[in-house]
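Please look at the sequence and the model together, and keep both in view while reading.

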Amino acid sequence: MDRGTLIFLARLAEVAERYGEMMDHMKAVAVNFEDELSTEDGNLIAVAFKNEMVSRRAAWRVIQAMESNAKDPHQAAAIHAYRLNIEGEVRELGLEVLATIDDHILPKTTSVESQAFFHKMKGDYYRYMAEIDTQSNNESAKLGLASYDKAWSVVTTELPPTHPLRLGLALNFSVFYSDIMNSPDRAIQLAKQSFDDAIEDLDALSEDNYRDATLIMQMLRDNVTLWLSSAE
């Protein structure tokens, strides 16, 4: 199947909200063709994988809460087994995303912005796996930190403070510090500094990016407020 047809089918699957099929089509684009992915292609891949992961993360949270509240030992055992099954799906999907990025996307990515985009995406999926990792030596957390750091070093030197990718990375990276690294002070510092830098550069914000940038800025500010109130 040619590249254009695969992308068309991916868009069709997105409209139908059949994200597993969308994921398969976009993965085929990444794996089977040597062309560097466009920004639009990257967004399609991100949407497909994210929606597949969202349902699994939501299911894991619900089942984890049920397990912690279970009174009957037999039910608790069944819930525990079900949670482990969902965790396996999260890891499997996360590893699939990471392998696709490392083996088939980053090696042919020359755009600085795209490199930052996919390193951020790696950080996100390591974060999702770290959420379910109860081991004290959380390897996913270490790899997630390295991926976010790599993306951050790119965006802070190559992109303006109001760029949606830079702001989105600041949002996710600060959540990583808060939720995974248990470092609320670092999360607050990163989110607040990113918000303040964007405010100072707001006049340079293009009309095309205004809506996305200001929405993420609001989320950064809301998170800072939440983390500060939790620390009191």
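What follows is a description of selected helices, their packing and some loop residues.

This is a predicted model, in which local features need pLDDT of at least 70 and side-chain atom pairs count only at pLDDT 80 or more, while totals for chains, interfaces and linings use all residues. Residues are numbered from 1 along each chain as its sequence is written, and side-chain values use heavy atoms, with hydrogens and water left out.

**Helices and their lengths**

Helices here are DSSP runs of H or I with at least four residues, numbered from the N terminus. The expected span of a helix is 1.5 Å times one less than its number of residues, and the table sets this value beside the distance between the end C-alpha atoms.

| Helix | Number of residues | Expected span | Distance between end C-alpha atoms |
|---|---|---|---|
| Helix 9 (207-231) | 25 residues | 36 Å | 37 Å |

**What is buried**

A residue is called buried when its relative accessible area is under 20%, exposed when it is over 50%, and partly exposed in between, using a 1.4 Å probe and protein chains only. Contact means heavy atoms within 4.5 Å.

In helix 3 the buried residues include Leu44, Ile45, Phe49, Met53 and Trp60, and among them are also the charged residues Asp41, Glu52 and Arg57. The buried residues of helix 3 pack against helix 1, helix 2, helix 4 and helix 5. Helix 7 has 15 of its 16 residues buried, so it is largely enclosed by the rest of the structure. In helix 9 the buried residues are Ala213, Ile216, Met217, Leu220, Asn223, Val224 and Trp227, and what covers them includes helix 7 and helix 8.

**How helices pack in pairs**

Two packed helices are described by the angle between their axes and the distance between the axes. The axes are lines fitted to C-alpha atoms, for helices over the stretch in contact, and the angles run from 0 to 180 degrees between N-to-C directions. Angles under 35 degrees count as roughly parallel, over 145 as roughly antiparallel, 65 to 115 as roughly perpendicular and the rest as oblique. A crossing is left-handed if the near helix is turned anticlockwise from the far one by less than a right angle, and right-handed if clockwise. For the classes of residues, Ala, Val, Leu, Ile, Met, Phe, Trp, Tyr, Cys and Pro count as nonpolar, Asp, Glu, Lys and Arg as charged, and the others, Gly among them, as polar.

Helix 3 and helix 4 pack at about 160° with their axes 9 Å apart, and they are therefore roughly antiparallel to each other. Their crossing is left-handed, and their contact has 14 nonpolar, four polar and seven charged residues.

The axes of helix 4 (residues 73-105) and helix 5 (residues 112-131) come within 9 Å and cross at roughly 160°, which makes helix 4 roughly antiparallel to helix 5. This crossing is left-handed. Among the residues in the contact are Leu95, Leu98 and Ile101 of helix 4, and Phe118, Met121 and Tyr125 of helix 5. By class, this contact has twelve nonpolar, one polar and three charged residues.

Helix 5 and helix 7 pack at an angle of about 20°, with axes 11 Å apart, and this makes helix 5 roughly parallel to helix 7. The crossing is left-handed. The contact includes Ala116 and Phe117 of helix 5 together with Leu165, Leu169 and Phe176 of helix 7, and its residues divide into six nonpolar, two polar and four charged.

Most residues other than glycine have a negative phi. Glu17, in the loop between helix 1 and helix 2, has a positive phi near 60°, and at 58% relative accessibility it counts as exposed. Asn182, in the loop between helix 7 and helix 8, has a positive phi of about 55° and counts as exposed at 64% relative accessibility.

Notes
Helices (H or I, at least four residues) and strands (E, at least two) are DSSP runs, numbered from the N terminus.
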